[in-house]
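This briefing sets out the structural features of one protein model, grouped by topic. Please read it alongside the sequence and the coordinates.

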Amino acid sequence: MKVHLPVRKAILNRRTYEAPAEGRSDKLRLDFNENTTGCSPAVRRALAKLTTKQLAMYPEYQGPTRRIARYFGVHPEELLLTNGGDDALRVFFDTFVEPGTSILICEPTFPMYRYYAEIYDARISVLRYGSEMEFPLEGVIAALRKKPRVLFIANPNNPTGTLLQGEELRRILKAATHTAVVVDEAYAEFSRFTAIPSIRKNSQLFVARTFSKVAGLAALRLGAVVACEESLALVRRAMPPFPVNLAALVATEAAVADRPTMQAYVNGVKKLRAWFAAELVKLNVKTFRAKRSGTYSEAGKPRNSAPRPEQRHRARICAHHHWNAIRNAAVAENNSKRMEGSGLNPAPKRTHYATQSQDSSQDQRNRHPAEPASGWTRKGAHRHRNPLL
Ligand SMILES: Cc1ncc(COP(=O)(O)O)c(C=O)c1O
């Protein structure tokens, strides 16, 4: 029997991007910006306490949401938990993007914006970072006049490290009258800048976060969207009932309760950043120093052309938080062998681097399990006391 599967055109047309995700555990792993030292030991202790009964139940979100909201200094109604940072980006497509409508991105940047746009059959308007990896602010403000559905800004940007702050963000938000502005703050703990304090005055602002990076929980998949209560209620309508697993919640609560471990990691990254940049200069690799964030550099291509997103795993070196792996790289002769044949510029021996609403009673009936019930207490919100931010 011949079967014809009715696959969507957008799926057939998608330019496949498959990350080299297998067999990486004994390598340098500088390609996904993972935390290279591991999460807090408190996470393992918390996970070990999970009971078989708990694992047999669908997860409950109120308590964890309240406690994680405290980490961000927001009310629980202003926080939506997602299945990793990638999922915190996908929700904007489900909520705002119809096939054929446009999203706006600035490249080079994190490739998942483009990845989802292709799946959702969105038009992709692209601006480029400048030759010194500066953000194309005027271009973005002009492009916002065309009312793209969503503007994605990685802040700081992966891979350039470019960081937008106060005035620049204010100008973007002012121009974004018909656009959801997603500020993807996967590395906010490193840049120490967050747009979260602006959510209440800017209903078009959505901040996406992840616990994969500084908290070291990439394997468990927990991300978040922070926005004003009314705007976030729209996104909640597009969510499945149980998007996040209990282990991720338990682990994240333990990780954020151990601030010293996270702070030590941030400090370590920052310490090695200058050294790393100096080593790259010695190797005659052009680096772009980004204010308060990472070091971006290119390898395996001409100095003055930025890599296209699909090349990120080959051509990117992003030193946000790879200090431990980089230190190991300096001594691990073995690794240099693995690097050979990876398409990178040959580097001298010894120094090889991997590249790379409160619910109304009417709404209460329709309330989604992931949606906060009206019983949230507002007392718990400690606005922006997070020392990591
Ligand atoms: C800018 C940016 N946003 C989001 C993510 C996704 O995070 P997660 O690993 O939690 O899906 C990453 C991961 O590399 C990233 O670099």
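Tyr-71 is located in helix α4 (residues 62-72), where helices (H or I, at least four residues) and strands (E, at least two) are DSSP runs numbered from the N terminus. Tyr-71 is buried, having 23 other C-beta atoms within 10 Å. A residue is termed buried if 20 or more other C-beta atoms lie within 10 Å of its own, exposed if 12 or fewer, and partly exposed in between, with C-beta atoms placed from the backbone. The C-alpha atoms of Tyr-71 and Val-256 are 6.9 Å apart, although 185 residues separate the two in sequence.

This is a predicted model, in which local features need pLDDT of at least 70 and side-chain atom pairs count only at pLDDT 80 or more, while totals for chains, interfaces and linings use all residues. Residues are numbered from 1 along each chain as its sequence is written.

**Overall composition**
- The protein has 389 residues, of which 46% count as buried.
- Its secondary structure comprises 16 helices and 10 strands.

- Arg-44 belongs to helix α2 (residues 41-48).
- With 12 other C-beta atoms within 10 Å, Arg-44 is exposed.
- Arg-44 and Ala-251 are 207 residues apart along the chain, yet their C-alpha atoms are separated by 7.5 Å.

**Nonpolar core**
- The largest nonpolar core has 91 residues; such a core is a set of buried Ala, Val, Leu, Ile, Met, Phe, Trp, Tyr and Cys residues joined through C-beta atoms within 7 Å.
- Helix α11 (residues 246-257) gives the most to this core, with 8 residues.
- The core lies between domain 1 (25-37 + 259-357) and domain 2 (41-257), because both give residues to it; the domain bounds come from an automatic or database domain assignment.
- The residues with the most contacts inside the core are Leu-151, Val-181, Val-182, Phe-206, Val-207, Val-225 and Val-226.
- Beyond its neighbours within four places in sequence, Val-225 is in contact with Leu-80, Thr-82, Ala-88, Val-91, Phe-206, Ala-208, Leu-232 and Val-235; contact requires C-beta atoms, placed from the backbone, within 7 Å.

- The ligand is surrounded by 14 residues, the closest being Gly-84, Gly-85, Ala-186, Thr-210 and Ser-212; a residue is near a molecule or strand if its C-beta atom, placed from the backbone, lies within 6 Å of it.
- The shell divides into 5 nonpolar, 7 polar and 2 charged residues. Here Ala, Val, Leu, Ile, Met, Phe, Trp, Tyr, Cys and Pro count as nonpolar, Asp, Glu, Lys and Arg as charged, and the others, Gly among them, as polar.
- Helix α5 (residues 84-96) supplies the largest share of the shell, 3 residues.
- Because 11 of its 13 residues are buried, α5 is largely enclosed by the rest of the structure.
- The buried residues of α5 include Gly-84, Gly-85, Asp-87 and Arg-90.

**Parallel strands**
- Strand β2 (residues 102-107) is mostly covered, with 5 of its 6 residues buried.
- β2 and strand β3 (residues 123-128) run parallel and are joined by 6 bridges; two strands pair if DSSP finds at least two bridges between them. Ile-105 stands opposite Val-126 in β3.
- β2 also pairs with β4 in the parallel sense, over 2 bridges, and Ile-103 stands opposite Val-150 in β4.
- β4 and strand β5 (residues 180-184) run parallel, with 5 bridges between them; Ile-153 stands opposite Val-183 in β5.
- β4 is largely enclosed by the rest of the structure, because 5 of its 5 residues are buried.
- Val-150, Phe-152 and Ala-154 point one way from β4, whereas Leu-151 and Ile-153 point the other way. In a regular strand the side chains alternate between the two faces of the sheet.

**Backbone geometry**
- The peptide bond joining Asn-155 and Pro-156 is cis, with omega about 0 degrees; Pro-156 is in the loop between β4 (150-154) and α8 (166-175).
- Another cis peptide bond runs from Asn-158 to Pro-159, with omega near 20 degrees; Pro-159 lies in the loop between β4 and α8.
- Lys-147, a residue other than glycine, has a positive phi near 55 degrees. Lys-147 is in the loop between α7 (137-144) and β4 and counts as partly exposed, with 13 C-beta neighbours inside 10 Å.
- Arg-221 is not a glycine but has a positive phi of about 65 degrees. Arg-221 lies in the loop between β6 (205-210) and β7 (223-227) and is buried, with 21 other C-beta atoms within 10 Å.

Notes:
Contact = placed C-beta atoms within 7 Å.
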